[in-house]
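Colleague: Please take a close look at the aromatic residues of this protein and the core around them.

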Amino acid sequence: MTTGETGGLLPKAAAPTRATFLELFFDLVYVFAFTRIAALAFEDLAEEPAHGEVWRAVTGGGKTLLLLLALWGVWQGTAWTTSRYNPYHIWLQTVVIIALVCSMVMRVAVPRAFSETALAFAAAYVVAQVSRPAILLAALGRHQYRRLKLRMLIVFSATGVLWVTGALLPVDGTVVLWTLALALEYLATRSGWPVPGLGRSTVSRWESPASTWPRGTSSSSSSPSARRSWSPAWPTATTRSARRGPPPSPRRS
């Protein structure tokens, strides 16, 4: 499969690795989102537990963790996608814009995510997770990665039913269904997105090549802008040594 058949979606070997404006703005949105999650967690821990309300504080912290994992799932999926494909392609920018808008909705809905704004939080999460593989499925054409995107789309569509249904239930039902949906998604991620009849993938076939990141940068922990803000053209000690060539052999006396 050539680059032309995918419309330039796959990056070239010598493509520039600078972060785009959308990626930087996406990371900024998540700074505020994670700050709001941290404030919510602090409120749960700082409350003076009255008699018989200790369990309430524990469940409050668990619900905050649930929201954090949902936000982390959207951020991690978008970061992996922008690192795997050409970030300047129109389809990739569309993916980032959708994830950006959905993340902003989720961030606003966080304070009342288990009451008035539960449906808004769940809908934004589902749209962000489903739209990414759906767009890539259409953009990849006949590329071999198309089967992976199809399996991801099926998994997120199935768990999306749990997210939306949980948002319509009382708090206990919301927590149960959202926890089940997140568990299924994280399990699918770790096991190669298995779908009956479509098989599964090994991680080494679809993870981003580690050679494109600087030493000490992890494929699963760095943001999209952080990975591309590093330029391999910068003269590191290794490249300077390679340019000078091997050291001369010592003279024999």
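Modeller: The charged end of K63 sits over the ring of F114, 5.4 Å from its centre; such a placement requires NZ of Lys or CZ of Arg within 6 Å of the ring centre and within 35 degrees of the ring normal. This is a predicted model, in which local features need pLDDT of at least 70, side-chain atom pairs count only at pLDDT 80 or more, and totals for chains, interfaces and linings use all residues. Residues are numbered from 1 along each chain as its sequence is written, and side-chain values use heavy atoms, with hydrogens and water left out.

F114 also belongs to a cluster that ring pairs build with F121, Y125, W163 and W178. Rings of Phe, Tyr and Trp (its six-membered ring) pair if their centres lie within 6.5 Å; planes under 30 degrees apart count as stacked, over 60 as edge-to-face and the rest as tilted. In one of them, W80 and Y85 are edge-to-face, because their ring centres are 6.4 Å apart and their planes stand at 85°. Y125 and W163 form a tilted pair, with 4.3 Å between centres and 40° between planes. Since Y125 lies in helix α4 and W163 in helix α5, this pair ties together parts 38 residues apart in sequence; helices here are DSSP runs (H or I, at least four residues), numbered from the N terminus.

Y125 is buried at 1% relative accessible area, and W163 is buried at 0%, where buried means under 20% (1.4 Å probe, protein chains only). Beyond its neighbours within four places in sequence, W163 is in contact (heavy atoms within 4.5 Å) with residues including A70, F121, Y125 and W178.

How values were computed: Helix = DSSP H or I, 4+ residues; strand = E, 2+ residues; numbered from the N terminus. Buried < 20%, exposed > 50% of the residue type's maximum accessible area, 1.4 Å probe, protein only.
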